[in-house]
Amino acid sequence: MNRYPLWKYLLIIVTVVVAVLYTLPNLFGENPAVQISSARATVKVDAALQDRVVDIATKAGFAPDAVLTDENSVKLRFKDTDTQLKVKDAIQAALGDDYSVALNLVPQTPAWLVRLGGKPMALGLDLRGGVHFLLEVDMDAAVSKSLDKTAGEVRRQLRDKSIRYGKIDRQRDSVVVQLRDAQTVDDAANALRKGFPNLAVTPTKDANNYSVALTFTPASLAQLKSDAVKQNVTTLHNRVNELGVAEPVIQQQGEGRIVVELPGVQDTAKAKDILGRTATLEVRLVDDDQSHLQAALGGNVPDDTVLMSDRGRNGQSAPILVRKEVELTGDNINDAQPAFDEQGQPAVSITLDSSGASIFRQLTHDNVNKRMAMILVEKGKGEVVTAPVIRSEIGGGRVQISGAMTQEQARDTALLLRAGSLAAPMNIVEERTVGPSLGKENIQRGFESTMYGFLAIAVFMMIYYRVFGVSSAIALIANLMFLLALLSMLGVTLTLPGIAAIALTLGMAIDSNVLINERVREELRNGMSPHMSIQNGYAHAFATILDSNVTTLIAGLALLIFGSGAVRGFAWVHCIGIVTSMYSAVFVSRGLINLIYGYRRRLSSLAV
Amino acid sequence: MEFFHVKRDIPFMSYGKITTAISLVTFLLAVFFLVHKGLNLGVEFTGGTVVELQYSQSVDLNQVRTKVDALKYGDAQVQALGTTRDVMVRLPNIKGKTSAQLSNDVLDTLKLDRPDVQIRKVEFIGPSVGDELVSHGLTAITLVCLGIIAYLSIRFEWRFAISAIIANMHDVIIILGFFAFFQWEFTLTVLAAVLAVLGYSVNESVVVFDRIRENFRKPNMRGRDVPQIIDNAITATMSRTIITHGSTEVMVLSMLIFGGPALHGFATALTIGILFGIYSSVLVASPLLLMFGVTRENMIKPVKVKQEAVV
């Protein structure tokens, strides 16, 4: 009686060892690091860059302690912040504007732990300082913009099919096309159904009202909204890169909200300025007069032109003189996709909206045999992507830019053109700035309050319940480790309410142990033998523990579902803590008690 | 060592009338203060800007208040945050002014007077977010209640479920009543604490209910009537009740003492929740159970549950 089979002991040992391993990364602290990430979508972070920055740092006299490369950035780890600052300056100077160089903290987790997947918990902004924005996407504007585009496309579609139409009216939530008679209504409806499979097409055939109305179906409306949010998230990512922020968080929250968290940033005004900025495409004409170009290179740029560089396939750039006047902007772009041109060269295929299409038709009509430049404007600076010669008038709103680019550049350019502008305007609905010193203090306070509370409880348990109390205290420590390990493994972001939840969970977790210990005492009082008391004590307490924990878990889950921000952080810890406390109180502490008492033949009393 | 070993059952149920009367009074008082004074809702709910400042030396609050009032930003509040060096300034939303501008204005004005001031934290919440929080909070509370009722109805019986939930709401309303009476700030973390109390307090009731259920099934309890069975259950679980709540309260007190202003509201709400949680599970939920007319037959019927209890 009261002996666990070997596998149960092994299971306890394995879980405890795993818990220790995954709790460990939290103890190593962090080292200063320099993070280098791409500031433009056309510039990639790769192995070559890694070699280059290590080289720069080494040449400056500071070899990094470790180099970490991931998809978007290279991080160099250093011993102290002094070195970090010097290296940052050196790298920034050497790399120029194509990369953003930021100061960062990198966990000091040993390599073997990292290989096992060990990582410390991420800290929330309230614990490390920084700016938090909650942005709301203006959905009405997104829908309205999309309806405007639809109206233009309807016009083009009907013209292509040679269907005569009257007024095309863009109403509040629909586009209405006036038509002449029943026959054209049918033709138009058929054509539009084919052209706009996502929209609901409703024909009306009254004696004095022949028309077709296009409206968004609920499904396409939901799609439109989710696309708008996704595009805005991508755009924000591109923009935040410019700030050189280490580990920014940009996430969709709920249906139409986006959370932006910039750790370490204190200057909210600058952050807001950059979040609101647009990267876009401009089409301008090229001044091909060689004498003008020579003059410009000599420092004498003609008034109505600007000297820019034309990025070649090998990253070499040639000077090019473009006119100041912007013919077309990225606002008129509906879509951009990577493609191949007739020669099989990588290209970007762009679809313009109706007004863009007609401007472009006019532009190409008027300037046959001249060159036009496609300029990508990022960070307030333009870069010529390609400058093709116009062979003939281009109608239909489909444009291909093919110049010198690799397949990857084509993909990135397409992404940038799509993501360059926001799908819908956004408003800041929430903004928080937490000073870095406050963050440190919060960690300290949270840690201290948990520690003192924990110590007080553990000491009390050991005095009050003796051996059973010691087993409870050990189970409680195990519980703390299970909890921390699970939180680290799941990558839950720790916030101040999260720390509060850890403390509260520990306080509540002792309940299961108290229930068990009290039950064992009671059984003894009722005259049971010590072995029977252990057996019955655990068995009887279990029903209570299960019921009380499940009800608590119900509350925790509701918090998790409906909470956001602070409440959610609290709920995560609370829910996980309930599960781990049941495991440790029922299983781990029983294992200990079994080990202590289970192998004694003659047991006359229990130390409880 | 044993502190709370009571030999004879304490006749809690015979005090039932008095205790329910007392709790009814506290409950009504809480409701009165909630209606009359209302909650001092934090910036997360109302929208607005909160600036937390720290001086390197202690500062005269009135001086700060005069300075901030001179900016004429509507109904501004200036409060001390625990120490005489930490100050919190709360401003309502102003059209055409961003929070960055607001906080900078405040900082600039105060700097003229005392250059040793620095910003620790700025929070701006738009007006639309708050309404959503309120509706989400209410949904969460409703869902928790429904979930608990459903679970307890399955594991016990509907009478237990209803008694537990009434006792639970009693605790929540009383916490809110305290916050209304003292006009403590009701923030998002306090809401989290209130919701945690929902789980915590029902936990307490369940432990007592569990004993009641067990007692009904015990052969040697056959001769006792229902109030005696409940008295026995409460007495038997009393020492556990005190120790568990004591431990949790030690943790919460530790938060209250060492946790700083950020955890203050959270710990306060939990403290009240724990105190009333004990009281309500013993002296509200159980008399209610009696009032709803629980009988031995209610608990004995389902054969399946009986088997579980024997295991």
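**Close-up views of the contact between chain A and chain B**

**View 1. A salt bridge joins Glu214(B) and Arg519(A) at 2.8 Å, N to O.** A salt bridge here is a side-chain nitrogen of Lys or Arg within 4 Å of a carboxyl oxygen of Asp or Glu. Side chains of opposite charge can pair when their charged atoms come close. This is a predicted model: local features need pLDDT of at least 70, side-chain atom pairs count only at pLDDT 80 or more, and totals for chains, interfaces and linings use all residues. Residues are numbered from 1 along each chain as its sequence is written, chains are lettered from A and ligands numbered from 1 in the order in which they are written, and side-chain values use heavy atoms, with hydrogens and water left out.

**View 2. Glu441(A) and Arg120(B) form a salt bridge at 2.9 Å, N to O.** The pair crosses between chains: Glu441(A) sits in helix 13 of chain A, and Arg120(B) in strand 5 of chain B. Helices (H or I, at least four residues) and strands (E, at least two) are DSSP runs, numbered from the N terminus. The rule finds eight salt bridges across the interface of chain A and chain B.

**View 3. Strand 22 of chain A pairs with strand 5 (residues 117-125) of chain B.** The two strands run antiparallel, joined by five bridges. Pairing requires at least two DSSP bridges between the strands. Glu431(A) stands opposite Phe124(B) in strand 5 of chain B.

**View 4. The contact takes 65 residues from chain A and 68 residues from chain B.** Contact means heavy atoms within 4.5 Å. Chain A and chain B bury about 5700 Å² between them, with 63% of it on carbon and sulfur atoms. Buried area is the accessible area (1.4 Å probe) that two parts lose on being put together, summed over both. Tyr464(A), Asp547(A) and Phe562(A) supply 11% of the area that chain A buries against chain B, more than any other three residues.

**View 5. Residues 450-467 of chain A are 100% helix and 0% strand.** Their end C-alpha atoms lie 24 Å apart. Residues 498-516 of chain A are also 100% helix and 0% strand, with end C-alpha atoms 28 Å apart. The unreviewed UniProt entry annotates both spans of chain A as "transmembrane region". UniProt positions follow the numbering used here, feature names are shortened, and annotations may be inferred rather than shown by experiment.
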